[in-house]
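Here's a quick briefing to read with the model open beside you. Take it topic by topic and click along as you go.

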Amino acid sequence: MARVVLALGERLEAEATCPICLELFSEPVIAECGHNLCGPCAAALLGTPPRPAACPQCRRPVAPGSLRPNRALGAVAGTLQDEARRPRCPEHGEELRLFGESCRCPLCPLCRERPPHRQHPARPAGEAARELRETLQSNLVFLQKQKEDFKPEGEKQSDALLGTVASEQQRLRDTFQQLQQFLWEQEAVLQAQLDRAHEELTEERRQYISSVSERKSLLDTLIVEIEKKRDQPVVEFLTDVDKILSSCEVAKASIPEPVSPELQGTVRSLLEMSQLVLGAMAKFKVNLLSEIDREKVKVTLDPETASPYLILSKDCKTVRLGGRQENLPDTPQRFTGSPSVLGSQGFTAGRHYWELEVGDGDNWAVGVAAESVRRKDSLTMAMGKIWALRRDWDRQYTALHMPPTPLALKEEPRRIRVHLNYEAGKVTFYNAENMSQILQFKASFTEKVFPYFWLWSQETSIQMCA
């Protein structure tokens, strides 16, 4: 039946096609011979001014004024044009009369009966279009209302924050400039006082050296004169002996101090003042950095988690490996499968770092571990919950996670910074002496994590840094 309909349609299309332009009739007219032409094609055939012409199909003459409109044929051509403009299935050529509700696309009847649409629900395209038009209309009304009410004020908040930041920048700049000016003034005062003391010391040193030189010259001269005088005859000996004796008294007088007591006191006071200033500056820097550096945390070791083979210092800041197993209660928190210990403080958010020293020993690992790390199993079984840097007995470094990965380091870090960024899922290790990056893990934390330490050498200790 479908083939019959398709053939009928093709035949109608052929009958409704203009023999001149080979398109569906537009404003068709009929000649006396019974053949039809498009109105524009007929006008072009007769020319301007109109003159008789031959019918393009039968060659019979067509006289101007003999053409009559063929409205019935025009209606058929219009119907065919409307039908041709309807979208059709690119695969089957059938009209897209259905709408697949699962695939959300128009379908022809043949598509509906074949995979993958055979099992999908479908309904008439017109019905689906009406319902979806109503849905789109309701969305349009909602969005238009939103547009009317859309008055975002985020720029005001941004502008306010930008103003606050700019004001704080200027205030910080002014404060540091004032502090720098104050420090320069104080430095100038202290340097001027030290310069004066330096000049006075230099002058007294010059005078001392001159006095010593004069005394040495006098002593040399007197010794020569006395040795010559003592062997002279009596009268000649007594003639100038008083002068020599007077010079001897001068030579016996004490040499002036190289630095006067007053100047020594001045220098001591200046040195004490300088030490006070330097100490105050050092404390100021430490206090300022401690106030600014809010990411740094003070890590202490948790004795409740420490393996019985580990020994913690009294302040819980140093761990070393003991020679025997301690008699400690086997609680769920304690590591018994490996010589490990956790930090007392855990983290579920934020950025934090701590520093530690590992000395010159081997067989250690430092990093972070999840709260659910397996504490009764060996280190190998627990690695899936540990992100650490390890150094083995052969000085080989390893990224300790699952799977462990050997590292080739150009230097042997002794002071290590462990940085945790919980939200970003990053654990980064630095050589704290030059802040060069050693290693970085990327993870996805879903539970609390703790500083983690592992030790398997009695010649090594791990110490938390202040």
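Two strands count as paired if DSSP finds at least two bridges between them. Helices (H or I, at least four residues) and strands (E, at least two) are DSSP runs, numbered from the N terminus. With that in hand: in strand 2, Cys38 is the bridge partner of Pro28.

A word on where this comes from: it's a predicted model, where local features need pLDDT of at least 70 and side-chain atom pairs count only at pLDDT 80 or more, while totals for chains, interfaces and linings use all residues. Residues are numbered from 1 along each chain as its sequence is written, and side-chain values use heavy atoms, with hydrogens and water left out.

**The whole chain**

- The C-alpha trace spans about 185 × 80 × 45 Å along its principal axes.
- Of the 466 residues, 29% are buried; that means under 20% relative accessible area, with exposed being over 50% and partly exposed in between (1.4 Å probe, protein chains only).
- Among contacts (heavy atoms within 4.5 Å) with a separation of 6 or more, 56% are between residues 24 or more positions apart.
- On the charge side, there are 60 positive and 64 negative side chains, and the centres of the two sets lie 9 Å apart. Lys and Arg count as positive and Asp and Glu as negative, leaving out His and the chain ends; each charge is placed at NZ of Lys, CZ of Arg, CG of Asp or CD of Glu.

- Three strands make an open sheet in the order 2-1-5, with antiparallel pairing.
- Strand 2 (36-38) and strand 5 stand at the edges with a single partner strand each, so one side of each has no neighbour in the sheet.
- Strand 1 (residues 28-30) and strand 2 run antiparallel and are joined by three bridges.

**Around strand 17**

- Strand 17 (residues 415-421) has six of its seven residues buried, so it's largely enclosed by the rest of the structure.
- Strand 12 (residues 351-357) runs antiparallel to strand 17, with seven bridges joining them; Arg351 stands opposite Asn421.
- Strand 18 (residues 426-431) also pairs with strand 17 in the antiparallel sense, over six bridges, and here Asn421 stands opposite Lys426.
- The hairpin of strands 17 and 18 has four residues between the strands, and Gly425 takes a positive phi near 65 degrees there.

- Pro64, in the loop between strand 4 (61-62) and strand 5 (68-69), is partly exposed at 35% relative accessible area. Leaving aside residues up to four places away in sequence, Pro64 touches Leu46, Pro50, Arg51 and Pro52.
- Thr48 and Pro49 are joined by a cis peptide bond, omega about -5 degrees.
- Another cis bond runs from Met402 to Pro403, with omega near 0 degrees; Pro403 is in the loop between strand 15 (397-400) and strand 16 (405-407).
- Arg59 isn't a glycine, yet has a positive phi of about 70 degrees; Arg59 is exposed, at 59% relative accessible area.
- Asn363, likewise not a glycine, has a positive phi of about 55 degrees, but Asn363 is buried, at 13%.
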